[in-house]
Amino acid sequence: MDYKNSGVDIEAGYKSVELMKKYVKGTMRPEVLGGLGGFSGAFSMESFKNMEKPTLVSGTDGCGTKVKLAFLLDKHDTIGIDCVAMCVNDIACAGGEPLFFLDYIACGKNYPEKIATIVSGVAEGCKQAGCALIGGETAEHPGLMPENEYDLAGFSVGIVDEKDIITGADLAAGDVLIGMASSGVHSNGFSLVRKIFSMDADTLNTYHEELGKTLGEALLAPTRIYVKALREVKEAGVRVKACSHITGGGFYENIPRMLPEGKHAVIRKDSYEVPAIFQMMAREGKVEEQMMYNTYNMGIGMIVAVDPADVDKTIAAMKAAGDTPYIVGEIKDGEKGVTLC
């Protein structure tokens, strides 16, 4: 009896690392010290020493049950983008610059080519966010997970000068809410998605005119990464007063998180067109509108609050980064919370 016979193939692990190196190399930043394969990743803070009060910010998350669709469609090259996005968007939401990322893949069996494909998506997400993939772990769990399944999670660290942390503390009535379009369902609410639609190849591979693609393609579309857009806004000289990443809990749970006591957000539902995938989900699943807005991003992945004088500059910066912004509402005095009208 040996380790391989018990279900853990060490040689497959070595091959996975070799296959993924070419993807990891493309994410490197000058601050990264050493190479892939050490017991830890090292990152120099030398270039940030001129900040008044350099402050580390971090984020960790996974892709939830969205990985189930990757299994069913046998498509594994974008799920890593989702994992990175869920972490770095939270960092950017606090005003931070993501510096580096680490991933963790738990699998029933290590298929090196599949693992490398997953990591190629992680690397792509890191490139979009401008952060380095400095390490990770692939763990085989025979007997705990089916051989063809895996779970993916990640962890990222960023930096921000303390004075630039976005807290919402100075929000004022009349401040304008600008939302950036999402790329689809992103990585939240897939347990409900899997109840709405039959999770079989025929259903997922069916083309829908209203979507302009197959259902599977629409659902598996990778989460939008907003790091570049928020960086462009900052470089345009705009102070973002508050910011909300619209993830699990949708509008009703996430928007209040960016508000101080005594401030109320008003969102106009007709300020942008809700993407077809959400309209289809509501219709096919008979999901009430309140539940849709309390579960999904409904087409808006990130919302920022800015002074009215900064609206034009903010919109221009977001467009320059390749994002699609909408003026979706405003801040009013009142009980902390959000109203959709």
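Residues are numbered from 1 along each chain as its sequence is written, and side-chain values use heavy atoms, with hydrogens and water left out. Because the model is predicted, local features need pLDDT of at least 70 and side-chain atom pairs count only at pLDDT 80 or more, while totals for chains, interfaces and linings use all residues.

**The second largest pocket**

The second largest pocket has a volume of about 440 Å³. A pocket here is an open set of points on a 1 Å grid over the protein atoms alone, where a 1.4 Å probe fits, with protein on both sides within 12 Å along at least five of seven lines. Its volume is the space filled by probe spheres set on the points, which are joined across faces, edges and corners. Lining residues have an atom within 4 Å of a point.

The second largest pocket is lined by 20 residues, and the closest to its centre are G95, G96, L230, R231 and K234. At least two lining residues come from each of β4 (97–107), β6 (150–161) and α8 (227–235). Helices (H or I, at least four residues) and strands (E, at least two) are DSSP runs, numbered from the N terminus. The largest share of this lining, five residues, is from α8.

Sorted by class, the lining holds ten nonpolar, three polar and seven charged residues. In this scheme Ala, Val, Leu, Ile, Met, Phe, Trp, Tyr, Cys and Pro are nonpolar, Asp, Glu, Lys and Arg are charged, and the others, Gly among them, are polar. Domain 1 (1–162) and domain 2 (173–338) each supply at least three lining residues. The domain bounds come from an automatic or database domain assignment.

**Aromatic pairs**

A pair of aromatic rings is described by the distance of the centres and the angle of the planes. The whole structure contains five aromatic pairs. Rings of Phe, Tyr and Trp (its six-membered ring) pair if their centres lie within 6.5 Å; planes under 30 degrees apart count as stacked, over 60 as edge-to-face and the rest as tilted. Two of the pairs are tabulated here.

| Pair | Centre distance | Plane angle | Type |
|---|---|---|---|
| F251 and Y293 | 5.3 Å | 80° | edge-to-face |
| F278 and Y296 | 6.1 Å | 50° | tilted |

F251 lies in helix α9 (residues 250–254) and Y293 in helix α11 (residues 289–293), so this pair links parts of the chain that are 42 residues apart. F251 is buried at 1% relative accessibility, and Y293 is buried at 5%. Buried means under 20% relative accessible area, exposed over 50%, and partly exposed in between (1.4 Å probe, protein chains only).

**Single residues**

The charged end of K109 sits over the ring of Y111, 5.8 Å from its centre. This term requires NZ of Lys or CZ of Arg within 6 Å of the ring centre and within 35 degrees of the ring normal.

H186, although not a glycine, has a positive phi of about 60°. H186 is in the loop between β7 (176–181) and α5 (190–196), and is buried at 2%. K286, in the loop between α10 and α11, also has a positive phi, near 50°, but K286 is exposed at 74%.
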